[in-house]
Amino acid sequence: MAKYDFVIAVGGAPGQGIDSVGQVLTRICARHGLHVFTYSAYQSLIRGGHTFLTARISSEPVANQGDKLDLVIALDRNSLETHLPHVAPGGTLIYNSDDVKEAPERDDIQLAPLSYQELSNNTDRKKLMLNVCMLGAALKLVGGDLKVFEDMLTIQFLKRKGQAVVDANIGVARAGYNHAAENFTAFDTQFEKQEPALAVVDGNSAMAMGGAAAGVKFYAAYPMSPSTGVLHWMANNARDLSIMVRQCEDEISVVNMVIGAAHAGCRAMCATSGGGFALMSEAIGSAGMMEIPIVVINVQRGGPSTGLPTKTEQGDLWQILGASQGDFPKVVVAPTSIMDGFDVIPEVFNLADKFQCPAMVLSDLTLSMGFTTFEPDSVNWQPEIDRGSLINGVEQSEGKYLRYEITDSGISPRAIPGTPGHVHVVATDDHDEDGTLISDEFTNPHKRRDIMEKRQRKMDGILELLPPPTLEGPEDAEVTLVGWGSTHSVIGEAAQLLTEAGISTNHIHFKWLYPMDEDAVNEVLAKSAHSIVVECNYTGQFARFLRGETGFKADGQIRKYDGEPFMPHHIVDGARELLAGKTDFYVPYQEIVV
Amino acid sequence: MAKRERSTRRERPVKGAPTAKDFQGDVRPDWCPGCGDYGVLSSLQSAYAKLGKGNHEHLTVSGIGCSSNLPGYIETYGMHTLHGRSLAVATGAKLANHEMNVVVTGGDGDGYGIGGNHFVHTMRKNIDLLYIVMNNQIYGLTIGQASPTSMLGMATKSTPFGNIEAPLNPIAMAIVTGATYVARGFSGNPRQLTELMYNGMQHRGFALIDVFSPCITFNKDNTSAFFKQRVLELEGHDPSDKAAALEQAVKWGDEIPIGLFYQDTSRPALDEMEPVLENGPMARQSLGITQEQGDAIVQRMM
């Protein structure tokens with residue numbers, strides 16, 4: 001079977017149920033065994049404005065929105081007008097003919113009007129089920145199984161709203177489906193069922209699930225887009241999984257509570273976005289100083305300041321690298337896909353526990369609010385849990401216990417409060433081996449040097465455990481695309497497209513950002529040819545960080561900072577311009593404006 | 001600066017009932033001679049002893065400031081956290097292990113100023129903590145600026161021409177915000193202070209003890225003598241009567257009441273309402289989830 005690769009987009013106003021259509025559509029595809037990546041472009045409004053959801057459907061795993069829109073569903077006139085030009089030639093635009101006086105014009109696509117008033121027999125004046133009717137029509141055009149849709153509607157509405165609502169929804173879904181069968185031309189390539197049926201997850205839930213698997217017993221948060229999904233998942237599952245979940249008065253309280261819980265023995269985690277992370281900064285340094293393991297997720301959105309609450313960016317790298325005053329051991333990791341967000345949480349907890357330091361996970365809106373499909377059996381619910389050198393509950397050591405004992409590795413056995421025989425004080429002031437912080441002790445320059453070096457020695461141990469960046473594609477390629485975090489899939493696809501177009505391209509991608517092993521990274525970078533750093537921010541935060549850590553200066557830059565994620569062709573076009581020597585700094589043009 | 005006394009003794013095995021001496025730390029306080037905080041420290045050591053638990057069963061948490069150095073001088077588990085953040089850290093620790101006795105100590109700047117947001121919300125949530133504020137109405141460690149409890153007109157380094165901002169009333173604030181044990185003590189009355197601390201530890205829910213702990217160096221107005229002339233132990237007052245408690249709380253003048261203003265034993269502490277603690281303290285629960293739990297989660301995502 002040839003690769004199936006198809007994009008369905010839904011546009012409408014918030015309140016028209018775009019997200020529920022998106023979820024239902026994604027789940028229908030997943031039940032067909034098809035892979036999906038869903039991205040929702042939206043605005044910071046509860047009602048009004050415009051939302052545009054893109055679901056890329058493929059017979060193979062997919063993790064970016066792609067370049068084209070094959071089938072667009074316009075739930076309102078605004079969407080129809082806005083997205084008419086975006087439909088790929090040969091594609092179809094479904095719209096509600098009740099909305100328009102004059103039919104739209106384009107002769108290279110199929111215009112597919114339906115009158116919702118007629119199809120619903122004028123029974124739904126508030127147009128609550130318009131989305132369901134249009135999705136029914138769309139499903140017919142791609143060869144989706146109507147029965148699967150009906151099952152989804154039953155699951156969604158039966159418990160909450162009862163059989164009558166289920167029947168009404170199924171009624172309009174069928175009406176849309178039948179209308180399409182009679183009036184529109186279906187696509188040549190159709191859904192083909194694959195095994196196994198897939199499950200659907202969003203990036204925030206994936207990280208929350210990773211936390212549950214890693215043994216998170218304490219989760220705190222203050223609501224902040226686009227990180228709030230982690231809180232919602234934790235709150236929903238807290239009782240089943242026995243996780244303490246707290247909503248706090250601010251992010252300062254969040255991270256300090258997490259520090260308290262971690263010190264008392266829990267694996268403790270929190271998530272926020274850039275502004276909340278800024279409030280957490282001081283406490284992250286205190287976790288470094290007191291040597292308490294915590295995991296903090298920062299889901300980046302467009303900055304600076306309140307910035308773009310509903311748009312994506314990779315603009316917090318320097319914030320996270322520079323968070324808090326002074327030097328202290330820390331780990332920074334940027335997951336490269338939604339399900340990598342699941343796997344990375346147990347990995348990073350093991351590092352935090354082993355090295356008794358804060359660990360920070362840098363996600364972004366694209367990853368956290370995107371949906372993806374996964375094989376139900378592919379989830380590792382029992383990852384390795386390594387809590388490092390921990391004394392919990394039972395007296396172990398003989399003689400005087402020194403919380404900050406100077407060791408070769410820099411790691412000192414950590415006694416949990418409540419353990420007999422290990423009473424000690426941890427302090428945010430610097431301190432000596434037993435935690436004493438009286439200032440004529442810690443201002444002793446020799447003691448200060450010893451304890452500083454002890455802490456920082458832990459970085460050597462961390463470095464040894466972090467894998468170098470990956471190199472994908474031919475080693476002798478003409479062009480090397482360099483990226484980090486959430487852009488793994490879109491850069492990979494761009495590299496493939498360039499290679500297919502005759503420009504041999506490979507791809508170096510960074511997941512573990514800090515600490516960075518200069519030699520190991522340079523060994524990989526040495527294999528690059530014409531190198532281009534691709535990232536979603538204005539100042540090239542990663543390119544500058546990479547240069548600072550390794551001395552490596554890329555030949556060109558592709559940067560996007562308009563709030564929307566990269567599409568593959570943005571990178572392909574950029575690479576071509578850079579190769580042609582027209583510029584060394586390319587900013588793609590965002591065609592789809594929401 | 002105080003000399004540090006190195007000793008090999010750690011946590012003497014408690015034979016019979018512990019004494020206040022068992023809670024003396026290895027380090028001598030570096031407070032100024034005559035500081036009110038000495039009286040608070042010794043009262044807390046006595047209250048810990050009276051409670052009868054081992055040293056390792058207590059956690060003493062503080063922020064930053066002169067008084068926040070206290071955990072270093074006491075023989076329990078301790079956390080000397082950031083300026084203003086002690087209540088948030090202590091909340092996390094308490095909810096992670098609610099079998100621990102968690103006591104928070106600090107000053108008025110730390111608790112009512114920079115930590116004001118946490119102060120309000122920790123009371124509202126009725127977290128089972130004892131919070132002892134050594135209120136000297138001045139910033140001492142930064143050598144003498146106005147604090148949120150400095151009196152009107154007081155000249156300090158930051159208000160050389162007299163303070164024009166009104167002080168907050170922590171007692172009244174605590175009563176209306178949701179604290180369920182609200183008391184005021186005086187470092188010059190260690191007998192009563194120990195009693196208030198002991199009862200505060202026994203109380204299930206958020207307990208505030210605002211303690212007049214005069215700064216001998218930077219506050220020349222609210223001195224030990226000032227309070228000795230004015231403090232008066234509450235008598236014939238019913239602490240379960242909220243309105244009466246508020247009436248006492250706003251008294252300030254030639255007579256200033258000290259003692260237990262308010263106690264509500266009907267409202268459960270947060271940990272008593274949290275179902276996930278039915279399986280024991282979070283810190284002792286087994287980590288991770290079972291394959292069955294994981295499968296059930298995935299099933300809901302199909």
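In what sense do strand S18 (residues 470-472) of chain A and S20(A) pair, and over how many bridges? The two strands pair in the antiparallel sense over three bridges.

## Basis of the model

This is a predicted model, in which local features need pLDDT of at least 70 and side-chain atom pairs count only at pLDDT 80 or more, while totals for chains, interfaces and linings use all residues. Residues are numbered from 1 along each chain as its sequence is written, and chains are lettered from A and ligands numbered from 1 in the order in which they are written.

## Strand S20 of chain A

Helices (H or I, at least four residues) and strands (E, at least two) are DSSP runs, numbered from the N terminus; two strands pair if DSSP finds at least two bridges between them. Strand S19 (residues 479-484) of chain A runs parallel to S20(A), joined by six bridges, and A:Trp484 is the bridge partner of A:Phe510. With helix H16 (residues 488-500) of chain A, S19(A) and S20(A) make a right-handed β-α-β unit (right-handed: with the strands pointing away from the viewer, the path from the first strand over the helix to the second runs clockwise).

Six of the six residues of S20(A), residues 505-510, are buried, so the strand is largely enclosed by the rest of the structure. A residue is buried if 20 or more other C-beta atoms, placed from the backbone, lie within 10 Å of its own. A:Thr505, A:His507 and A:His509 cover one side, and A:Asn506, A:Ile508 and A:Phe510 the other.

## Chain B

Chain B has ten helices and eight strands. Its radius of gyration, over C-alpha atoms, is 20 Å, close to the 19 Å that the globule rule (2.2 Å times the number of residues to the power 0.38) gives for 302 residues, so chain B is as compact as a globular protein of that length. Buried residues make up 49% of chain B.

## Interface between the chains

In chain B, 53 residues are in contact (C-beta atoms, placed from the backbone, within 7 Å) with 60 residues of chain A. Strand S2 (77-80), helix H2 (86-96), helix H4 (116-125) and helix H10 (291-299) of chain B each give two or more residues to this side; H2(B) gives the most, with eight residues.

Strand S17 (residues 425-427) of chain A pairs with S2(B) in the parallel sense over three bridges. There, B:His80 is the bridge partner of A:Ala427.

Terms used:
Contact = placed C-beta atoms within 7 Å. Buried ≥ 20, exposed ≤ 12 C-beta atoms within 10 Å, placed from the backbone.
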